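The report below is meant for someone meeting this structure for the first time.

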Amino acid sequence: MTAIERNTQEHEFIRLIPWWSMVLAAVAFVGMQVAMITIMPKDHSRPLPWVMFWAFLSGIFFAFYMLVLGYVTRDAKRRGMNPTLWVIILICLIGSGVGFIIYFLLRDPIVLECPRCHDNVDAGFNFCPNCRFELAPCCPHCQRTVHHGDVYCAFCGQTLEVQLERLSSMR
């Protein structure tokens, strides 16, 4: 994976976090700072640096949690899952992070739409199972997915230049 592809994937990941989740994260962070510094008892057993340290850590925790809630909400919709159910699971398991781990273990694959018949297809499919539209170019020899611009198949070494030019002229 090139640096450009990795940067694009990271940008796409950040775009999945909705604006309201970022606002909630900022409010949660600032709110925890204010709450911990003003509400904590003012005695000498807890010095101010100690209180500020725990205020910072708890603020980071709740801010991250708000970002996770936003991410799961948007990602669950993208995958055709019930976002309300997953948010409830995350809220019920707030302190442990187990809900987030369960979500990543059980989430469905990303669902895409076929450009020809508009049927739902999994992201890894090369052809639409409904209309047989080619979603990704394949090597004519080994039928593995190749990229546009590849001259040779990375898996079997077959020459692709003519095959890919034919496919792009058909679209």
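In this predicted model, His 118 sits in the loop that runs between strand S1 (111-113) and strand S2 (120-122). The phi angle of His 118 is near 60 degrees, which is a positive value in a residue other than glycine. Most residues other than glycine have a negative phi. His 118 counts as exposed because its relative accessibility is 51%, and the cut-off for that class is over 50%.

Read along the sequence, the elements of the chain follow the pattern α-α-α-α-α-β-β-α. Of the 171 residues in the protein chain, 28% count as buried. Among the contacts between residues at least 6 apart in sequence, 36% join residues that are at least 24 apart.

Two packed helices are described by the angle between their axes and the distance between the axes. The table gives these values for two helix pairs.

| Helix pair | Angle between axes | Distance between axes |
|---|---|---|
| H3 (residues 48-78) and H4 (residues 83-92) | about 155 degrees | 8 Å |
| H4 (residues 83-92) and H5 (residues 98-106) | about 145 degrees | 8 Å |

The angle of about 155 degrees between H3 and H4 makes H3 roughly antiparallel to H4, because angles over 145 degrees fall in that class. H3 passes H4 in a right-handed crossing. On the side of H3, the residues that meet H4 are Tyr 65, Val 68, Leu 69, Val 72, Thr 73, Ala 76 and Lys 77, while H4 contributes Pro 83, Trp 86, Val 87, Leu 90 and Ile 91. Sorted by class, the residues of this contact comprise 10 nonpolar, one polar and one charged.

H4 also packs with H5, and here Trp 86, Ile 89 and Leu 90 of H4 meet Gly 99, Phe 100, Ile 102, Tyr 103 and Leu 106 of H5. The residues of the contact between H4 and H5 divide into seven nonpolar, one polar and no charged. Trp 86 and Leu 90 of H4 are listed in the contact with H3 and also in the contact with H5.

Two further residues, each within a helix, can be looked at in detail. Ser 58 lies in helix H3 and counts as buried because its relative accessibility is 15%, where the cut-off is under 20%. The side chain of Ser 58 reaches the backbone oxygen of Ala 55 at 3.1 Å. When neighbours within four places in sequence are left aside, Ser 58 is in contact with Met 32 and Met 36.

Thr 38 lies in helix H2 (residues 19-39), and at 52% relative accessibility Thr 38 counts as exposed. A polar atom of the Thr 38 side chain lies 2.6 Å from the backbone oxygen of Val 34. Thr 38 and Val 51 are 13 residues apart in sequence, and their C-alpha atoms are 9.9 Å apart in space.

Terms used: Residues numbered from 1 in each chain as written. Predicted model: local features only at pLDDT ≥ 70, side-chain atom pairs only at ≥ 80, totals over all residues. Heavy atoms only, no water. Helix = DSSP H or I, 4+ residues; strand = E, 2+ residues; numbered from the N terminus. Buried < 20%, exposed > 50% of the residue type's maximum accessible area, 1.4 Å probe, protein only. Polar contact = N/O pair within 3.5 Å; in protein donor to acceptor, adjacent residues only side chain to side chain. Contact = heavy atoms within 4.5 Å. Axes fitted to C-alpha atoms, helices over the stretch in contact; angles between N-to-C directions. Parallel < 35°, antiparallel > 145°, perpendicular 65-115°, else oblique. Left-handed = near helix turned anticlockwise from the far one by under 90°. Nonpolar A, V, L, I, M, F, W, Y, C, P; charged D, E, K, R; others polar.
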